[in-house]
Amino acid sequence: MKSLNVSKAVTALMLAGLVLLPLYSYLSGNIFILTLFTRIVILALAAASLNLIMGFGGMMSFGHAAYLGIGGYAVGMLAQEGIGSGWIQFPVALAASATYALVIGALSLRTRGVYFIMITLAFAQMAYYVASGLARYGGDDGLTVYKRSDFSGLINLSNRTQFYYLCLGCLLGVIFLIWRIVNSRFGLVVQGLRSNEQRMQAIGFPAKRYQLVCFVISGTMCGLAGALLANNTDFVSPAVMYWTRSGDLMVMVILGGMGTLFGPVMGSVVYLLLEEFLSQITEYWALIMGPLLLLIVLFGRGGIMGLLGRIGRG
Amino acid sequence: MLLVVEQFLNGLQFGLLLFLLAAGLTLVFGIMDLVNLAHGSLYMMGAYFAATFAAWTGSFLLGALLALGATLVLGIVLEMSALRHLYGRDHLDHVLATFGLILFFNEAVRLIWGPAGLALPLPGWLTVPVPILPGIHYPAYRLAIIIVALLVALLLYLGVMRTRIGMLIRAGASNREMIGALGINIKLLYTLVFGLGAALAGLAGLMQAPILTVQIGMGENILILAFVIIVIGGIGSIRGAFLAAIFVGMIDTLGRAFLPNLLRQVLSGAAASTAAPALSSMLIYLLMAIVLVVRPEGLFPANRR
């Protein structure tokens with residue numbers, strides 16, 4: 001019981017920090033920190049979506065960054081064609097990610113284990129090469145989004161604080177949704193499939209159909225992160241879909257604690273802050289980050305959430 | 001005709017190079033059940049070592065030999081210091097830990113050799129075109145790669161199929177607990193296999209070095225290709241890796257060479273020349289997707305777990 005309290009307290013503290021961040025930024029005049037955390041919150045959203053299939057569903061997708069790109073390109077391409085309304089851009093981004101996830105999921109779910117990791121990776125690489133070939137939309141060089149999505153009257157995405165809160169709202173909304181899903185009958189079936197697929201099938205659940213729906217939900221959520229990311233950087237390029245980016249997302253999930261509700265957020269905050277912090281000390285920050293990851297894998301089972309749990313039991 | 005033969009040989013050469021990389025990867029995966037993303041880093045290290053040693057010694061061959069030894073040692077050190085502790089852990093742990101190693105190696109290379117790439121110049125006798133068929137010449141170095149890689153493939157095959165160590169390796173691949181129980185020093189065996197895999201990756205890297213520039217992150221693209229190959233071939237199967245590597249090398253090379261012209265028949269010139277590079281890069285992933293849809297365990301699954 002006590003263990004729950006420590007991780008709960010730290011989570012609450014982190015959330016309070018995220019909510020109050022613009023206030024700190026305003027008081028201290030530190031604009032950079034708001035920009036940094038907007039990015040962190042968006043990638044935390046992507047990590048949370050990956051966690052839904054990886055942590056709860058046991059589906060190790062190594063191509064999740066593809067949705068970041070698809071969501072981003074949906075916004076960028078529509079903007080390029082003169083359709084600036086967010087009411088069109090965002091639904092299109094979500095629909096495109098969902099469609100991609102449906103096709104990829106249907107094919108990938110025929111395999112399992114390492115093969116699943118590799119096939120999702122391969123499909124993401126395909127998306128990467130498709131984007132590289134889009135000469136009309138910048139090709140290799142990427143596409144500049146000159147105007148952020150227009151939600152006229154409701155919210156102004158060019159306003160740093162408003163945009164930050166939009167991203168944070170999306171993140172919390174997605175986490176709430178994941179919480180509802182995980183505790184629903186549907187979510188319990190998916191988690192049951194993770195533990196013992198054969199048994200679940202024997203009981204009579206159409207395993208693949210449940211997993212596919214979960215896969216599509218996760219991809220759609222990550223597409224939302226992609227649409228936000230394109231607005232944040234005013235730019236989208238094939239590089240967002242490169243496989244090392246999918247690796248980054250995986251790292252965030254595992255670092256924070258796979259299969260926990262707020263673990264991926266924790267992981268994203270720690271990973272990206274660490275990256276920022278180390279890169280300020282030394283240009284060669286990855287020299288420290290790399291072995292650190294290794295140590296986390298070797299000694300930090302269950303990620304930060306697991307660690308907090310152990311401290312609690314202490 | 002000339003172009004077809006040349007591209008065919010280029011495809012073969014690239015395929016064999018990919019095989020060297022994939023063989024190490026699939027050995028390590030098949031025997032130790034370790035997903036090693038840092039395999040591409042060993043490929044990169046092989047290239048950097050070769051460029052450095054060749055510059056020091058002034059001899060390409062000596063540099064290559066020293067680089068081969070250096071990657072072998074590096075592989076053994078890596079296995080003993082870090083990867084040894086990952087056996088028996090979740091595949092996801094492997095992915096994460098070796099992802100960390102990629103970061104480390106890329107950065108270490110940047111620190112030691114600087115951000116700019118290196119060049120590994122070829123000695124004169126390897127740059128001359130060699131007549132292979134009447135009227136058809138092929139660069140000596142690419143021919144040398146084909147010969148060396150074929151020799152290594154043969155040695156690897158004989159080594160795994162005909163020697164005692166090979167027997168242990170095969171036994172280890174099908175049942176790890178059993179060969180441990182039979183009193184085989186499984187720790188040492190694993191270290192050796194990993195070292196061998198590292199040396200194969202290093203060999204691929206140092207042979208590719210004179211063709212491409214030696215640069216940071218050069219292992220990452222080709223690592224994915226190697227993964228595609230072992231997945232198509234069936235994880236843990238050397239024979240599968242060999243056939244899949246040749247296949248992928250051919251498709252990739254021939255696609256890049258002939259797809260633009262093929263597309264030009266159906267599309268306008270501009271559209272064809274923009275679509276072709278993307279499409280030819282995608283070809284092998286398409287192939288992999290098709291193979292996995294038809295045979296989810298690859299073409300030649302080594303053993304069922």
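This is a predicted model: local features need pLDDT of at least 70, side-chain atom pairs count only at pLDDT 80 or more; totals for chains, interfaces and linings use all residues.
In chain B, helices α2 (39-57), α4 (91-113) and α9 each supply at least two residues to the lining of the largest cavity.

**Enclosed spaces**

How many cavities of 30 Å³ or more are there? The count comes to three. About 50 Å³ of space lies in the largest cavity. Its lining is made up of B:Leu37, B:Gly40, B:Ser41, B:Met44, B:Ile102, B:Asn106, B:Gly217, B:Met218, B:Gly219 and B:Glu220. Sorted by class, these lining residues are four nonpolar, five polar and one charged.

The second largest cavity has a volume of about 40 Å³. Here the lining residues come from chain A: A:Ser61, A:Gly63, A:His64, A:Tyr67, A:Tyr100, A:Ile104, A:Thr120, A:Phe123, A:Ala124 and A:Phe215. Two helices of chain A, α4 (86-108) and α5 (114-132), each supply at least two residues of this lining, and α5(A) gives the most, with three residues. By class, the lining of the second largest cavity has six nonpolar, four polar and no charged residues.

**An open space**

Next comes the largest pocket, with a volume of about 740 Å³. It is lined by 25 residues, and those nearest its centre are B:Phe14, B:Leu212, B:Leu225, B:Asp252 and B:Arg256. Which helices of chain B each supply at least two residues of the pocket lining? They are α1 (2-32), α9 (218-233), α10 (238-266) and α11 (269-294). Among the contributors, α9(B) gives the most to the lining of the largest pocket, with five residues. Helix α9 of chain B also supplies at least two residues to the lining of the largest cavity.

| Space | Volume | Lining residues by class |
|---|---|---|
| Largest cavity | about 50 Å³ | four nonpolar, five polar, one charged |
| Second largest cavity | about 40 Å³ | six nonpolar, four polar, no charged |

**Where the chains meet**

Now let us turn to the two chains together. In this model, 42 residues of chain A are in contact with 45 residues of chain B. The area buried between chain A and chain B is about 4100 Å², and carbon and sulfur atoms give 79% of that area. Which residues of chain A lose the most area to chain B? They are A:Tyr115, A:Tyr129 and A:Trp243, which together account for 17% of what that side buries.

**Two crossing helices**

Finally, have a look at two helices in chain A. The axes of α11 (residues 263-281) and α13 (residues 303-313) come within 8 Å and cross at roughly 105 degrees. α11(A) and α13(A) are therefore roughly perpendicular to each other. At their contact, A:Gly263, A:Met266 and A:Val270 of α11(A) meet A:Ile304, A:Met305 and A:Leu308 of α13(A). This contact has five nonpolar residues, one polar residue and no charged residues.

Technical notes
Residues are numbered from 1 along each chain as its sequence is written. Chains are lettered from A and ligands numbered from 1 in the order in which they are written. Side-chain values use heavy atoms; hydrogens and water are left out. Axes are lines fitted to C-alpha atoms, for helices over the stretch in contact, and angles run from 0 to 180 degrees between N-to-C directions. Helices (H or I, at least four residues) and strands (E, at least two) are DSSP runs, numbered from the N terminus. Angles under 35 degrees count as roughly parallel, over 145 as roughly antiparallel, 65 to 115 as roughly perpendicular and the rest as oblique. Contact means heavy atoms within 4.5 Å. Ala, Val, Leu, Ile, Met, Phe, Trp, Tyr, Cys and Pro count as nonpolar, Asp, Glu, Lys and Arg as charged, and the others, Gly among them, as polar. On a 1 Å grid over the protein atoms alone, a cavity is a set of points where a 1.4 Å probe fits but cannot get out, and a pocket is an open set with protein on both sides within 12 Å along at least five of seven lines; lining residues have an atom within 4 Å of a point. Grid points are joined across faces, edges and corners, and a volume is the space filled by probe spheres set on the points. Buried area is the accessible area (1.4 Å probe) that two parts lose on being put together, summed over both.
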